[in-house]
Amino acid sequence: MPRPPSTQPTEVELQILRALWENGPSTVRAIHEHLVDQRDTTYATTVKMLVVMLDKGLVSRDDSVRPQIYKAAASQSRTQKQMLNNLIKKVYDGSTSSLVLQALSSTKASKEDVAKIRQLLEQLEEDA
């Protein structure tokens, strides 16, 4: 039995989503021009990727206009939260603290980042 297709965006799909989040609803041509700046790709590949993303529910398409307009189905923040939640479940057995500790121990955080983390922790303690 084949496994169900993933609803998580691939790296290329994320690049397309970033173009849509940055520029808003766009034509295939505009999305393709954004992608070409980042990777060597063809227009046909961009069209195919958008069709796959449409099937996955990552984008929606306005067929009432020509050329058709694509837009991200979810906000950047919502997509990031969904992807992070999946990562926490799959890699860290559902432990948010394990993810945070691993992230903080694997890279050097700037003073600004540490200050933001402290502020967030204080806010979480107040809300608890």
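Seven nonpolar, five polar and two charged residues: that is the lining of the largest pocket, by class. Keep in mind that this is a predicted model. The largest pocket holds about 200 Å³ of space. Its lining counts 14 residues. Which of them lie nearest the centre of the largest pocket? Thr7, Gly57, Leu58, Ala74 and Gln82.

Now the helices behind that lining. Helix 1, 11-23, and helix 4, 76-91, each supply at least two residues to the largest pocket. Helix 4 gives the most, with four residues.

Next, the second largest pocket. Its volume is about 170 Å³. Leu84, Leu99, Val100 and Ala103 line the second largest pocket. By class, that lining has four nonpolar residues, no polar ones and no charged ones. Which helix gives the largest share here? Helix 5, residues 96-106, with three residues.

Last topic, helix packing. Two packed helices are described by the angle between their axes and the distance between the axes. Take helix 2, residues 28-36, and helix 3, residues 43-56. Their axes come within 10 Å and cross at roughly 115°. That angle makes helix 2 roughly perpendicular to helix 3. The crossing of helix 2 and helix 3 is right-handed.

Who makes the contact? On helix 2, Val28, Arg29, Ile31, His32 and Leu35. On helix 3, Tyr43, Thr46, Val47 and Leu50. By class, the residues of this contact divide into six nonpolar, two polar and one charged.

Notes: Residues are numbered from 1 along each chain as its sequence is written. This is a predicted model: local features need pLDDT of at least 70, side-chain atom pairs count only at pLDDT 80 or more; totals for chains, interfaces and linings use all residues. Side-chain values use heavy atoms; hydrogens and water are left out. Axes are lines fitted to C-alpha atoms, for helices over the stretch in contact, and angles run from 0 to 180 degrees between N-to-C directions. Angles under 35 degrees count as roughly parallel, over 145 as roughly antiparallel, 65 to 115 as roughly perpendicular and the rest as oblique. A crossing is left-handed if the near helix is turned anticlockwise from the far one by less than a right angle, and right-handed if clockwise. Contact means heavy atoms within 4.5 Å. Ala, Val, Leu, Ile, Met, Phe, Trp, Tyr, Cys and Pro count as nonpolar, Asp, Glu, Lys and Arg as charged, and the others, Gly among them, as polar. On a 1 Å grid over the protein atoms alone, a cavity is a set of points where a 1.4 Å probe fits but cannot get out, and a pocket is an open set with protein on both sides within 12 Å along at least five of seven lines; lining residues have an atom within 4 Å of a point. Grid points are joined across faces, edges and corners, and a volume is the space filled by probe spheres set on the points.
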